[in-house]
Amino acid sequence: MDTPQAATVDSSIRVERLVRHYQLGPELIRAVEDVSLEVAAGEFAALLGPSGSGKSTLLHLLAGLDTPTSGSVRVAGKELRGLSSEELARYRRHTVGMVFQAFNLVPSLRVFENVELPLRLAEAERAERRARVLEALERVGLTARMHHRPAELSGGEQQRVALARALVNRPAVLLADEPTGNLDSRTGEQIMQLLEQCNRTLGMTVVLVTHERPLAERYARRLIFMADGRVVSSAAAAGIA
Amino acid sequence: MKLPDLLELASGNLRNSLLRNGLTTIGISVGIASLVAMLSLGIGLQQLAGQRLSRSGLFDTVVVSAWRSVEQMERDGRRDGAPLPASGIPAVLDEDARRHIEQLPAVLEAQPEIRFVGEIRIGGESFITSVAGLPPSSRNDEAFDSLQGSFFSSPQAAEAIVRLEFAEEWDEQNPRAILGKELVLRYAERRPLPPEPAGDSGLSTEGSDGESGDDSYGFTVVRRELRCRVVGLIEQEPFGGMRSSSRARVYLPTGLVETLDIMQSSDMRGAVQAERMQKTYDSLMARVSSPAQVAEVEQAIRRMGFRTFSILDATRSLQRFFVILDLFLGIFGSMALAVASLGIVNTLVMAVLERRREIGILKALGASDGDIRRLFFAEAGAMGLAGGAIGVAIGWGIARAINWGTAYYLAQRDFPPETVAAVPWWLVGAAVVFAVLVSLAAGIYPASRAARLDPVQAIRYE
């Protein structure tokens, strides 16, 4: 297995003059425009803003799923710009964990197998894999559902499985793209509590994209507001839970 | 990703679309079955021809003769018609030469091919017919597969085997009745004369050195009779009809024939050419331990100053013919496989489209382009492996059916069964490997397409 990134190592994020433009037919989409920001190691930051403000694009750039047009992204001491696709894959395997709004579980795989996927990709030993999957499922309270398929779970349970999958490789950074967007408020609250717990107990740096300001204010320590691809303001959250 | 995990994921994915992947696999099976059936026919026919020719004794036999054509001898202006080797072994095909040939490595025996015309008297009837000697090794010739009666009890036994057509000429209604009958063979014996004292005849004789008076050898021809019992009856010509002795109608053991000193056509040439009045042979049949050593033996015999001929060149032509036949059969058989490979491309391209989001998820979780490519290759390879294995089984079944049908057809016409389609182990292995390789080749485009997918776009795909 490739050496995983421990949550205790430097997990800070530094973005400098980051630009991401898309060409959509004749139109140039300026998804991220000259963004510079810093998220300290172990911080819980929320990216807020209206639709199309560039939050998700910025998150994808931090996850190494997308490559910037210009500027620099440094996560856990590693500069992502210029990394090969193989190096970016290794970075995603070991440094970051991702949670999506649409859960993005593989429907044909059972809960256990879904959570096990990142460990398979990281070539972890089978015996170690089982222990790590059970540990992650226990953290999200879904050990009893490990033999079910995603379609047999509620939305909240699916998102908890997705969270377990994101945690199973013990990443330094957890990136969550509107994880409560498809959930009712009560379930959304549970997911936020889990994210906050990961941040607090595991020391993970968490970057949350959301447009639910009350939730962000309650759980995140810092709020970063974006509009038209730019960071318009950044402030400490009013009431940390 | 480790190989077991890759295979586990691939097999899981294949099971998820069981019907579509199953149909694609059946397509490959049909292609491989067609290929195996076609090639089994080519291989079977080649083996059949090879066995026939091999059992005719032509592949492991070198025909040795001393004489070149009269035109060659005249052109060369040489008396002996063949170069005298440095070893000093005479280029006369006599008993000495035969011993030398038999002593060559890989030569099992060197038997003279003795054929002559004699008169056969049997049951009060008389026939002028061709008689030949048969060595004990000819017992393995396929002409004796359907031997009625028995083979010669010993190499010198006063026994005869006759061809069915001879027996039918003797008794058309009951040719088998010839078995056990005694026949009398009347033949011309060559009896050497003692040297004539010089000047007795009043004629001048001339030696090779121009001296005269000491080269007066000769022989006389005496009519003799031999009594034999007919022990066997054969239908086919021995040696596939490809030797001069094949055309005889009555056969005696070569050992016996040799003791009779029967007058041969070569004796006339021998009388004017040989250094002394020894017995010479028209030709000898040198049997070699394996066809692979025929060329080597031929070379050694040529160095002795004799002419040789083997069927080796004809074999090469035959092998070339079967290579071409196999090639064409393979091409026709592969057409179904080519169509099946398009099925694999279609199935995997559909899978890439359907699993676009899943590919995006895998990439987001850390799968590299190579992991995705290998996953699709594994799925293509697994379909190829399963299709290849099933196809080989079907192809083997078709080959069996062809053999069964051929045997039935031949049996209807009173012929023994023949194996015309053969599936050797190498074909089984090669067909499965070929199926996997074709499937992997068919998977190149879909796998590359899957690997190139943009993870962000793929995750958003609904």
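How do strand E1 and strand E10 of chain B pair, and over how many bridges? Strand E1 (residues 61-65) and strand E10 (residues 283-288) of chain B pair in the antiparallel sense over 5 bridges. Strands pair if DSSP finds at least two bridges between them. One bridge in E10(B) joins B:Ser283 to its partner B:Ser65.

This is a predicted model, in which local features need pLDDT of at least 70 and side-chain atom pairs count only at pLDDT 80 or more, while totals for chains, interfaces and linings use all residues. Residues are numbered from 1 along each chain as its sequence is written, and chains are lettered from A and ligands numbered from 1 in the order in which they are written.

Helices (H or I, at least four residues) and strands (E, at least two) are DSSP runs, numbered from the N terminus. In chain B, an open sheet of 4 strands has the order E2-E10-E1-E11, with antiparallel pairing. Its edge strands, E2 (107-112) and E11 (307-309) of chain B, each pair on one side only. Neighbouring strands of the sheet are turned by 25° against each other on average, direction ignored.

Two helices pack on this sheet. Contact means that C-beta atoms, placed from the backbone, lie within 7 Å. Axes are lines fitted to C-alpha atoms, for helices over the stretch in contact, and angles run from 0 to 180 degrees between N-to-C directions.

| Helix of chain B | Strands touched (chain B) | Angle of directions |
|---|---|---|
| H4 (residues 95-102) | E1, E2 and E10 | about 160° with E2(B) |
| H8 (residues 294-303) | E1, E2, E10 and E11 | about 15° with E1(B) |

Between the chains, 19 residues of chain A are in contact with 17 residues of chain B. H2(A) gives the largest share of the chain A side, 5 residues.
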